[in-house]
Structure formats: C-alpha cells, structure tokens
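Here is a walk through one protein model, written for someone who likes to know the cut-offs behind each word. Have the viewer open and follow along.

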Amino acid sequence: MNFNCNFICFRIKMLLVSQVMSLLLLLLLLCVMELVCATSVSPSLHQPPLTRVRIIEVEDDYDEESSMTRAPQSPGVTTSRVIRRPCDYDPCAVQTTPCDKISAETGCLCPGLTGPEERPEAPELREVKLDGSGEVFVHWCAPRSTITHYEVTLKDGNKQLVFGEYLRNGAVPGLKVGEMVCVAAGNQAGLSEKSCARYESPQPDQAAVSAGIIAGSVALAVVLWRQRTCRKGRMGDTEGLGNPSYTNDGAL
C-alpha cells in the first residue's frame, strides 16, 4: 500500500514537471516569434523622416528670396529646386503696372533697389528729340533705386518740371536747339546726380528723304522723255517739208 502511494505521488510530480516544461517552451516560442516579426519589418519604418531641401535660385541684381533648409545628407533625402524668373521689367519704359504688384501676382522677381533712406543713383538720359506733335520730349531710364519723382531742368535752372515715379519721358515746352536739359531722380533722401544732354537740330527723316529723291528722279525722267519726244516730232515735220520727192504737181 505504501508503495502504491509513493508511485502515485511520483507520477503526479512528473506530470506537473511536464506541464511546467510545456508552458516554458510555449513562452520561449512566443518570444522567438515576436523577435522574428520585429526584424522582418521594412527598414524604411526605422529611418528618420525625409528632409526636403527647397532651393530658390535667382539672378544677379535681383532681390534674393530663399527658404533654404540645410540638413546632413543621408540616404533617402530629396531635394526640390524652385527657380523664380525675373519680372518682365524694362527700366526705360513707362510702367503701367508697378513691378512689385506684378511680383505679388506672378511670383517673379523685381530688380534689386536701394532703400528710400539712400540717395538714388542718377537716371540715364537716353534722348532728347522732337515728337510728331511738335513738342520736344526727354526720354530716360530709371536707376536701381527707390524713386518718388523725377525732376527735369534746363542747364541754367530757369525751368523745372516734375514727373511721377513711373514715367520715363516728359515734354519740355520751349526747349530750343542747342540748349542743355538734365534729369535727376529723387526720394526722401534727396536728389541724385543729374544726367544731361543737348537738344540737337532734328535730322530729316531718311525714309522721307529717300522717297523725295525717288519721286524727283521719276519726274525728271518723265520731263526729259517728253522733251525728247517733242524734239523728234519737230525734226520729222521739217524733214517732210524738205523732201524733194514731193512737189505741188505730184510725185516725180
């Protein structure tokens, strides 16, 4: 009886040990599976977020606007390049729309200008010529400065005309041939140096001169041709009257 009791206790212990071993093996198996799943995940999930570098390229003499972010180069980093073009701006043409407004609407770049607290550079006086209306006009190009107005004066300073910041030409009444005229740019810091030119005598239109020469040549040719034709006609009449083959009595 005592033997049977010991045997039964032994069997119970062995059964408990086997159950514990099975549980340990199951836990070990679960740990191994979790480790395998963790290592099989795509490596991109463990990489740091991509850093995008935005570069804005501009040309010389234009306002530079850049939102550039530098980051250490690493695999997967992408770079986007945004190139902004200069605005369609002509410093010698009258501005119907200010460049800053065009830039705000289209995103283009205006030329770089000095600030209003700096004295402006001198404008470039391009030409002084007689207009088709009979008035003498002065044409200039704007400097790369902040401008509020332009002043056009004669050399002796007796006459002074003021024009708006967006204008590039203006009439100068009473300007005579040989007189000197000057233009200067101004802002709150003062006036620029003057750019001057002399009003020269208007040159005749080459096209009109050429047309006149051609018309005169044609008229002269017609006159000469008519004179020659008339001369031949008179010579023919004279020869007919003196022909001895004809008499008052008829043919010989």
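This is a predicted model: local features need pLDDT of at least 70, side-chain atom pairs count only at pLDDT 80 or more; totals for chains, interfaces and linings use all residues.

Residues are numbered from 1 along each chain as its sequence is written, and side-chain values use heavy atoms, with hydrogens and water left out.

Is Thr 153 buried or exposed? At 8% relative accessibility, Thr 153 counts as buried. Here buried means under 20% relative accessible area, exposed over 50%, and partly exposed in between, with a 1.4 Å probe and protein chains only. Not counting residues up to four places away in sequence, Thr 153 touches Lys 159, Gln 160, Met 180, Val 181, Cys 182 and Lys 194, where contact means heavy atoms within 4.5 Å.

Now step back to the whole chain. The protein chain has three helices and 12 strands. Of its 252 residues, 19% count as buried. Among the contacts with a separation of 6 or more, 57% are accounted for by residues 24 or more positions apart.

Next comes the nonpolar core, a set of buried Ala, Val, Leu, Ile, Met, Phe, Trp, Tyr and Cys residues joined through side-chain atoms within 4.5 Å. The largest such core has 17 residues, of which Val 128, Val 138, Val 152, Leu 175 and Val 181 touch the most other members. Strands S3 (124-130), S4 (136-141), S5 (149-154) and S8 (180-187) each supply at least two residues of this core. In soluble globular proteins, nonpolar side chains tend to be buried together.

Two of these core residues deserve a look. Beyond its neighbours up to four places away in sequence, Val 128 touches Val 136, Phe 137, Val 138, Leu 175, Val 181, Ala 197 and Tyr 199. Leu 175 is found in the loop between strand S7 (169-171) and S8, and counts as buried at 8% relative accessibility. Leaving aside neighbours within four places in sequence, Leu 175 is in contact with Val 128, Val 136, Leu 154, Val 181 and Tyr 199. Leu 175 and Tyr 199 are 24 residues apart in sequence, and their C-alpha atoms are 7.8 Å apart in space.

Aromatic rings are our next stop. Rings of Phe, Tyr and Trp (its six-membered ring) pair if their centres lie within 6.5 Å; planes under 30 degrees apart count as stacked, over 60 as edge-to-face and the rest as tilted. The structure holds two aromatic pairs. The rings of Trp 140 and Tyr 150 have centres 5.2 Å apart and planes at 45°, so this pair is tilted. Because Trp 140 lies in strand S4 and Tyr 150 in strand S5, the pair ties together parts that are 10 residues apart in sequence.

The rings of Trp 140 and Phe 163 are also tilted, because their centres are 5.8 Å apart and their planes are at 50°. With Phe 163 in strand S6 (residues 160-164) and Trp 140 in strand S4, this pair ties together parts that are 23 residues apart in sequence. Trp 140 is buried, with a relative accessible area of 1%, and Phe 163 counts as buried at 14%. Together, Trp 140, Tyr 150 and Phe 163 form one aromatic cluster.

Finally, turn to Gln 95, found in the loop between strand S2 (78-83) and helix H2 (99-106). Gln 95 is buried, with a relative accessible area of 15%. Which residues does Gln 95 contact, leaving aside its neighbours within four places in sequence? They are Tyr 89, Tyr 166 and Arg 168. Gln 95 and Arg 168 are 73 residues apart in sequence, and 8.1 Å apart in space, C-alpha to C-alpha.

Note on methods: Helices (H or I, at least four residues) and strands (E, at least two) are DSSP runs, numbered from the N terminus.
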